[in-house]
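Welcome! Take a moment to look over the sequence and the structure below, and then we can walk through a few of the details together.

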Amino acid sequence: RAVVITSSVALALMLPGAFFNSENPVEAILESIAIFVVGNIVGQYVELLRREREKTAQLEGIQRDLTISEQRYRELFENAHDAIWLHDLTGRIINANRASERLTGYPVPELINMDVRGFLSPESMVLAGQVRDKMLNNQYLEQPYEQRIKRKDDKEAIIQLATSLVMANDKPVAFQHIARDVTEQTRLQENQAFYLQQVAKAQEEERKRISRELHDETIQSLVVLSRQLDALATTDRGVSPELRFHLEELWQQTNNIMNDVRRLSQDLRPPTLDRLGLFAAIHVLVADVARYSGLEIKVNLNGTPRRLPEEVELILFRITQESLRNVWRHAHAKKAEVNVNFLTDKVLITVMDNGKGFALPKSMSDLPRDGKLGLAGMQERARLIGAELNVESTPNIGTTITISLATEVPVRYAPATQTPATLN
């Protein structure tokens, strides 16, 4: 703009002289116009040179920034605590950091150009194929996920893996993996789960033993005592009315104690669970809780009841039992409902009440800290069999507890004659 203005002013000053003072006005005018054009061309050229220098300086700055960023990325890549490696779409590793060497046992030079199938078992290959397909088809993939690899020393390592797709010119060219060794942590969790499972099993065995002793010994003794008291109270041989009244009171107290012991025996180990299965045991449990708590409890069945492994049925029953116990003792509810759903590949049990409810913690792991030990115990029981426990509660509205367990194709069904109407 400055060149054009300057040239225009110069041309304006030169034209009057060319017209009035020059002996050859035409040549003077052409000369002035030529000077104007050449001046503009020179000015534009100078401007282009200046812009070129600025672009060159910018490119040099960008190059320096890229070099610094690359150096920083390389340092982060090499010094990362987690293992990072890249492989192309065929599975050939094209880059790896030092942490990959510690994880796999293979030196980095050996890892380069190595096929990832070299340290994946057939089961791991199936998972890797599923991850590959989801990434290439832009499908959702829950990350990080767990994978198992075979180290150079033939030991198995359990890793927590996050995978991303590397793109070039809008086309996938490689996969980048970030892995963390969680072998010890996973083994510890597995050992803890096994320990809890054995503890729960031992507790149930002890419950069964105590229940059997109460049923076979204590209750039978109380039955004999009740009959003897009844015989004394009804005899006419030298028994005064006052003594007969006391004997009848003792007989009634004995019967009450016998009923309490029988209920305790059933709570310890319900015989219906072993004989008739999960739904039958839940139906009897609901009837018992409704009778001694005064709650109005409704039980619904969806699907055909089927038998599950003994341990699974027992834990599902215990969770349902604890849920109803919480409704009775803590929720101050008037009504409750138990829904048992036997789906094709899932068993779903829902316990709902219209009690006082409570404010849920931010995380289920905070249940013990908030004093919800019963719910925490239910959650641990659910984990033992791979079930999911979901708790929904709203103050002054009620609580809903859902237990969901994925199951295999049913192989053994409860007899069709064992309907709720015949269980009592």
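His 332 counts as exposed because its relative accessibility is 60%, and the cut-off for exposed is over 50%. This is a predicted model, and in it His 332 sits in the loop between α10 and β7 (335–342). The backbone of His 332 has a positive phi, although the residue is not a glycine. Asn 113 is also a residue other than glycine with a positive phi, and its place is the loop between α4 (108–111) and α5.

| Residue | Phi |
|---|---|
| Asn 113 | near 75 degrees |
| His 332 | near 55 degrees |

Another backbone detail to look for is the cis peptide bond between Gln 143 and Pro 144, with omega at about -5 degrees. You will find Pro 144 in the loop that runs between α5 (122–136) and β3 (145–150).

Now for a pair of helices. Helix α10 (residues 310–331) packs with helix α11 (residues 373–384) at an angle of about 165 degrees, and their axes are 9 Å apart. The two are therefore roughly antiparallel to each other. On the α10 side, the contact includes Ile 315, Arg 318 and Glu 322, while α11 contributes residues including Leu 375, Met 378 and Arg 381. Sorted by class, this contact has 6 nonpolar, 3 polar and 3 charged residues.

Finally, a word on confidence. The protein chain has a mean pLDDT of 80, with 90% of its residues at 70 or more. Over residues 409–424, however, pLDDT stays under 50.

Definitions and conventions: Residues numbered from 1 in each chain as written. Predicted model: local features only at pLDDT ≥ 70, side-chain atom pairs only at ≥ 80, totals over all residues. Heavy atoms only, no water. pLDDT = per-residue confidence, 0-100. Contact = heavy atoms within 4.5 Å. Axes fitted to C-alpha atoms, helices over the stretch in contact; angles between N-to-C directions. Helix = DSSP H or I, 4+ residues; strand = E, 2+ residues; numbered from the N terminus. Parallel < 35°, antiparallel > 145°, perpendicular 65-115°, else oblique. Nonpolar A, V, L, I, M, F, W, Y, C, P; charged D, E, K, R; others polar. Buried < 20%, exposed > 50% of the residue type's maximum accessible area, 1.4 Å probe, protein only.
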